[in-house]
Amino acid sequence: MCPLEQFCPETWALWEAFPVWVECENGDAIPADHVILTVPLGYLKKHQKTLLSPPLPLKKMHCIERMGFGTNNKIFLEFEQPFWDPDCEAIHFVWEDESTLVDVVPDVERFWMKKLACFTVLKPAERYGHLLCGWISGHESEHMESLSEAEVEKSVTQVIRRFTGNPTISPKRIMRSQWYHDPYTCGSYSYLATGCSGFDIDTLAEPLPLKGSRTKPLQVLFAGEATHGSFFSTVHGALLSGWREGDRIISHYSPSSFSVSVSSKL
């Protein structure tokens with residue numbers, strides 16, 4: 001393909017035939033009738049003004065700004081032998097100074113590990129080994145990502161030793177996710193923030209160009225968990241939203257096929 005900055009006559013003919021062009025990182029340009037955009041809401045929040053040309057309509061931008069997108073990470077710890085009981089499902093920590101009215105740790109750098117919600121036991125052990133999965137969210141989760149794995153392992157080990165009273169507990173391996181610092185996600189998944197509503201989710205899911213435009217319809221369609229009004233924040237919500245946009249394109253070309261597809265899923 002010819003880069004967009006160096007269109008040849010043949011490429012200009014393609015430009016007129018296809019309403020959408022996708023410019024790749026290496027400069028290649030791919031023509032298309034339709035594009036289903038599935039980037040996470042966190043990426044849209046960071047790049048909404050430059051991702052598309054022309055830019056997103058203002059009402060979509062405002063929805064993206066109002067919607068919440070947080071960070072929830074996992075910390076996996078592997079042990080040679082379990083220190084928990086065979087029927088244990090999860091290990092919860094209750095701090096003496098914990099208050100139901102306070103959801104922010106005052107000193108994130110020193111006490112980030114206090115935001116660890118719990119460790120769940122991965123089962124069966126025959127398949128996973130002796131593994132615990134720790135859950136941490138919020139600014140403390142984002143700070144955890146900036147630490148080295150050795151620092152994370154040291155802090156988490158100290159917490160487990162403190163609560164169990166066993167000074168010999170040591171994981172043999174640690175692994176953690178880093179969704180906030182991933183340049184293509186910028187966080188984990190969406191949530192309904194204060195001032196946000198289902199209307200914002202529906203608006204984000206609306207294809208471009210918007211209704212009433214005289215240009216070709218369904219040029220850019222939006223999918224992903226943040227566009228599903230019932231199952232946002234979930235993997236199955238992301239999957240269902242992709243099916244929804246695929247069915248939307250099918251309906252555009254063959255309404256009868258779309259009705260059969262929807263009926264079969266119902």
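Guide: C186 sits in the loop that runs between β9 (173-176) and β10 (189-191), the strands being DSSP runs of E with at least two residues, and helices runs of H or I with at least four, both numbered from the N terminus. This is a predicted model, in which local features need pLDDT of at least 70 and side-chain atom pairs count only at pLDDT 80 or more, whereas totals for chains, interfaces and linings use all residues. Residues are numbered from 1 along each chain as its sequence is written, and side-chain values use heavy atoms, with hydrogens and water left out.

Visitor: Why is C186 called buried?
Guide: Buried means under 20% relative accessible area, exposed means over 50%, and partly exposed lies in between, with a 1.4 Å probe and protein chains only. The relative accessible area of C186 is 15%, so C186 is buried.

Visitor: What is the phi of C186?
Guide: The phi of C186 is positive, about 60°, although C186 is not a glycine. Most residues other than glycine have a negative phi.

Visitor: What makes S233 partly exposed?
Guide: S233 has a relative accessible area of 24%, and therefore counts as partly exposed. S233 lies in the loop between β11 and α9, and its phi, near 75°, is also positive in a residue other than glycine.

Visitor: How do you know that the peptide bond from S53 to P54 is cis?
Guide: Its omega is near 5°, and P54 has its place in the loop between α2 and α3. The peptide bond from K123 to P124 is cis as well, with omega near 0°, and P124 lies in the loop between β7 (116-121) and α5 (125-128).

Visitor: Which residues of helix α8 are buried?
Guide: In α8 (residues 198-205) the buried residues are D200, I201, T203, L204 and A205, and what covers them includes α2, α3 (58-66), β11 and α9.

Definitions and conventions. Contact means heavy atoms within 4.5 Å.
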